Amino acid sequence: MIRPFFHALLASALLLFAVLSVADNKPTRNVILIIGDGMDEQQITIARNYLAGSSGQLLLDTMPLRAQVQVLAIEDQVDGKPVYVSDSANTATAMATGVVTSRGRIATAAGTNTPLMTLVELADEAGFRSGLVTTARVTDATPAAFAVHMSSRRCEDPDTMVDVSIYGFEIADCSAELKANGGSGSISEQLIESPLDLLLGGGRQRFEATAEGEEITVEALAVDNGFVVVTRPQELLQEKPGEKLLGLFAQGNLPVRLRGENGREAEAPVRSWLNYLNDYLGSARLPNPMNCEPNPDFDGTPTLAQMTEAALTHLSHDNDKGFFLMVESASIDKQAHERKPCGSIGEMAQLEEALALALRFASRNPNTLIIVTSDHSQVAQLVPDQSLFADYPVPVFTPGKIARIKTPEGSLMAVNYATNDFIMGEHTGAAVPLFSNTEGLGRISPFLQQPDIFRIIRGYLDL
């Protein structure tokens, strides 16, 4: 009787050893999620026309998988009705947590403020490293949603938690999330207390505030929490891999690479007095064409590619488990809000360069899933430089503002902004594109909803 029992026990032990051995020998897996904020098909086409020519191709166009993503949002209440135009906070939350929430929320549930588990938190629990890279403030909505929980994206530092106002109008109040009230504190404070291994971008101003309940700044507290803080691009190359890294390379958002000629942006057509009296009389003159030129403020700014390269080096060093990295080209969106197409084009070029590095890394590390997508569509619209109805004996022109850009091909490209008459244009509600490398084949369907991106990444890393 003892011998069969011993044999069974030995067999069970051998089986357990085999299972553990297989588990220990799982291949390293990495995910690189690249988000072009506001990068819809209009922005891609505008950039393609300028950077590669109308018959050319972007690097995005060569990727083996292309899909469409439906963007979702709801009202700020439990089981809220659909909202058909989103913002960066709720869309990043959908990708980071797999949950549809309301506009302005950072990884919290609509109507309840319940924290939602993020990919960074899940990755940390499973032993993966994680990092966030952006050309915006690191406390901005997109990066924050992957590591922070906040009712409003506006509460970026300890000084912007109570009665957050713009021009005297209150736009947010995060009093309930003050540490003194049992909350987790502001976005910057939560970031430095998160399991992130790396955080690179702008927004140093948000870390210069005194941490709640402390006598030191949030930046100093980050150092106490084990982060090495760097503020110059050359320092990225000097820091040893393996250290927790916080890079803050501007007080606010990072400057963009390109700008309109002498800082020009889209302008309204100039209408004659007669046209103001009657839409079918008089004339309307479009703004003069402009060149895109290097932005002098960009000098000394790390490129998105440089930050991405540093992130890949740090996260992959001596790492046989793997990592999750989010890279955001943020000012495709921010420049579109300001009706500055040259700035958006320059940000698209930066995304392309970061993607080239990611693809090169994946070629040397086969188990690396690359996903490139957008969080929402944007205001910019490619329109005819000369109206199709120009031969009609009436003035035909845009009701919004327009920029007429001289392209390297020698043509004029007209980019229109007409979502509102406010100082900033706003988002639109179209589905957005998604691109992936060969690791996405068989895992990503041709059409999906934004929360599916979370589920795809979670499944790939087996979180």
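Is serine 102 buried or exposed, and what is its relative accessibility? Select serine 102 to find out: at 2% relative accessibility it counts as buried. Buried means under 20% relative accessible area, exposed means over 50%, and partly exposed is in between (1.4 Å probe, protein chains only).

Before moving on, note that this is a predicted model: local features need pLDDT of at least 70, side-chain atom pairs count only at pLDDT 80 or more, and totals for chains, interfaces and linings use all residues. Residues are numbered from 1 along each chain as its sequence is written, and side-chain values use heavy atoms, with hydrogens and water left out.

**Stop 1**

Helices (H or I, at least four residues) and strands (E, at least two) are DSSP runs, numbered from the N terminus. Now show the surroundings of serine 102. Not counting residues up to four places away in sequence, serine 102 touches Ile74, Glu75, Asp76, Asn90 and Ala110. Contact here means heavy atoms within 4.5 Å.

Next, select asparagine 113. This residue is also in the loop between helix 3 and helix 4. Asparagine 113 is partly exposed, at 27% relative accessibility. Check its backbone: phi is near 65°, a positive value in a residue other than glycine. Most residues other than glycine have a negative phi.

**Stop 1: helix 10 and the residue behind it**

Select residues 304-316. This is helix 10, with 13 residues. From first C-alpha to last, helix 10 reaches 18 Å, close to the 18 Å expected at 1.5 Å a residue. The expected span is 1.5 Å times one less than the number of residues. Colour the buried residues of helix 10: Leu304, Ala305, Met307, Thr308, Ala310, Ala311, Leu312, His314 and Leu315.

Then click on aspartate 318, which follows helix 10. Aspartate 318 lies in the loop between helix 10 and strand 13. Its phi is positive, near 50°. With a relative accessible area of 70%, aspartate 318 is exposed.

**Stop 2: strand 13**

Move to residues 322-329. Eight of the eight residues of strand 13 are buried, so the strand is largely enclosed by the rest of the structure. Show the side chains. Gly322, Phe324, Met326 and Glu328 point one way, while Phe323, Leu325, Val327 and Ser329 point the other way.

Isoleucine 34 has valine 327 as its bridge partner in strand 13. Threonine 134 stands opposite glutamate 328 in strand 13.

**Stop 4**

Zoom in on strand 15 and strand 17 (residues 412-417). They pair in the antiparallel sense over three bridges. Glutamine 381 stands opposite asparagine 416 in strand 17.

Axes are lines fitted to C-alpha atoms, for helices over the stretch in contact, and angles run from 0 to 180 degrees between N-to-C directions.

**Stop 3: helix 2 against helix 12**

Keep helix 2 (residues 41-51) and helix 12 (residues 341-364) on screen. They pack at an angle of about 85°, with their axes 9 Å apart. The two are therefore roughly perpendicular (65 to 115 degrees). Select Gln43, Ile44, Ile46, Ala47, Tyr50 and Leu51 of helix 2, then Ser344, Ile345, Met348 and Ala349 of helix 12: these make the contact.

Finish on helix 12 itself. Of its 24 residues, 18 are buried, so helix 12 is largely enclosed by the rest of the structure.

Definitions and conventions: Parallel < 35°, antiparallel > 145°, perpendicular 65-115°, else oblique. Pairing = 2+ DSSP bridges.
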